Amino acid sequence: DNDDIAQAKADVTLKTANVTGQSGQEVSEQLTAVWNGYKVSAAEAELYVDKLAAVAASTASDLEELSTGMSKVASAANLMGVDVDQLNATLATVVSVTRQAPESVGTAFKTIYARMGDIAAGLDAETTLGAYTTAMKEIAGINVLDANHELRDMGDVIEEVGNKWGTLSKEQQVALSQVMAGTRQYNNLLALFDNWDMYNKALNTSRTSAGELQKQQDIYMESTEAHLQKLATEAE
């Protein structure tokens with residue numbers, strides 16, 4: 001029931017706040033945006049934060065940065081077929097490499113994913129779907145439409161580009177990034193594709209991360225208890 005769902009999410013929020021040192025209110029807002037964006041059930045609430053915690057521990061980003069960035073982009077990513085592991089690895093890579101504020105990186109990818117949707121729906125003033133699909137095919141040999149002429153999942157298209165990235169010339173790489181992201185945001189895609197090994201490692205970490213938040217919470221509790229014990233000893 002709703003009470004159980006609320007309790008499960010409150011428990012995860014408290015653990016996350018312990019690990020990041022943020023206020024419960026801040027953490028609650030960030031995680032709620034992530035959970036709502038991906039329509040996460042109570043049973044999976046902690047697993048989604050495990051993913052963030054594990055990737056944060058293995059890259060130069062931290063849990064607060066990843067939850068902040070993801071809160072800006074989760075619903076747009078989900079809508080365009082970028083799963084939580086792909087998004088997690090994307091944000092961790094770009095935040096680690098560029099050291100931009102996580103809000104900026106999250107918002108940049110929200111814009112990139114929304115642009116794809118706008119092109120597909122014929123709402124983008126600059127680029128038609130025909131021009132976009134032709135450019136993607138010509139530069140990288142990639143089909144962005146499936147057999148039914150529907151837009152493929154954006155996460156899969158991005159991974160196909162990333163896996164071919166090393167075979168493209170510098171000019172092709174810049175042209176492809178600009179086609180995909182537009183002239184304002186393409187540097188974020190360059191940062192992602194130029195560090196594709198980091199992305200793949202983070203992706204693998206995200207997919208195999210169950211139990212990570214609890215592990216970090218246990219470390220927090222141990223250090224807190226040790227600190228309190230030290231204070232008690234000094235007081236005596």
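How much space lies in the largest pocket? About 210 Å³. A pocket here is an open set of points on a 1 Å grid over the protein atoms alone, with protein on both sides within 12 Å along at least five of seven lines, and lining residues have an atom within 4 Å of a point. Grid points are joined across faces, edges and corners, and a volume is the space filled by probe spheres set on the points.

Before the details, the ground rules. This is a predicted model, in which local features need pLDDT of at least 70, side-chain atom pairs count only at pLDDT 80 or more, and totals for chains, interfaces and linings use all residues. Residues are numbered from 1 along each chain as its sequence is written, and side-chain values use heavy atoms, with hydrogens and water left out.

Back to the pocket. Its lining consists of Thr111, Arg115, Asp118, Asp124, Glu126, Ala181, Gly182, Thr183, Arg184 and Gln185. Two elements, H6 and H9, each give two or more residues to that lining, and the largest share, five residues, comes from H9. Helices are DSSP runs of H or I with at least four residues, strands are runs of E with at least two, and both are numbered from the N terminus. By class, the pocket lining has one nonpolar, four polar and five charged residues. For that count, Ala, Val, Leu, Ile, Met, Phe, Trp, Tyr, Cys and Pro are nonpolar, Asp, Glu, Lys and Arg are charged, and the others, Gly among them, are polar.

A search of the whole structure finds one cavity of 30 Å³ or more; a cavity is a set of grid points where a 1.4 Å probe fits but cannot get out. The largest cavity holds about 40 Å³ of space. Around it sit Met116, Tyr132, Val144, Leu151, Arg152, Met154 and Val157. Six of these lining residues are nonpolar, none is polar and one is charged.

Now the core. A nonpolar core is a set of buried Ala, Val, Leu, Ile, Met, Phe, Trp, Tyr and Cys residues joined through side-chain atoms within 4.5 Å. Buried means under 20% relative accessible area, exposed over 50%, and partly exposed in between, with a 1.4 Å probe and protein chains only. The largest such core has 64 residues, and Tyr113, Met136 and Met180 have the most contacts inside it. H9 supplies the largest share of this core, 10 residues. In general, nonpolar side chains in soluble globular proteins tend to be buried together.

Take methionine 180. Leaving aside neighbours within four places in sequence, its contacts (heavy atoms within 4.5 Å) include Ile112, Met136, Val161 and Phe193.

Helix H8, residues 154-164, has Met154, Gly155, Val157, Ile158, Glu159, Val161 and Gly162 buried. These buried residues pack against helix H5 (84-98), H6, helix H7 (129-140), H9 and helix H10 (196-207).

Alanine 191 is in helix H9, residues 170-193, and counts as buried at 10% relative accessibility. Not counting residues up to four places away in sequence, alanine 191 touches Thr93, Val94 and Thr98.

On to the rings. There are five aromatic pairs in the structure. Rings of Phe, Tyr and Trp (its six-membered ring) pair if their centres lie within 6.5 Å; planes under 30 degrees apart count as stacked, over 60 as edge-to-face, and the rest as tilted. Tyrosine 38 and tyrosine 48 make a tilted pair, with 6.1 Å centre to centre and 50° between the planes. Both of these tyrosines are buried. Phenylalanine 109 and tyrosine 113 have ring centres 6.0 Å apart and planes at 50°, so this pair is tilted. They lie four residues apart in helix H6 (residues 102-121), about one turn of the helix. Phenylalanine 109 is buried, at a relative accessible area of 0%, and tyrosine 113 is buried at 0% relative accessibility. Elsewhere, ring pairs join Trp165, Phe193, Trp196 and Tyr199 into a cluster.

Last, two backbone angles. Arginine 99, in the loop between H5 and H6, has a positive phi of about 55° although it is not a glycine. At 46% relative accessibility, arginine 99 is partly exposed. Histidine 149, in the loop between H7 and H8, is also not a glycine and has a positive phi near 60°. Histidine 149 counts as exposed, at 63% relative accessibility.
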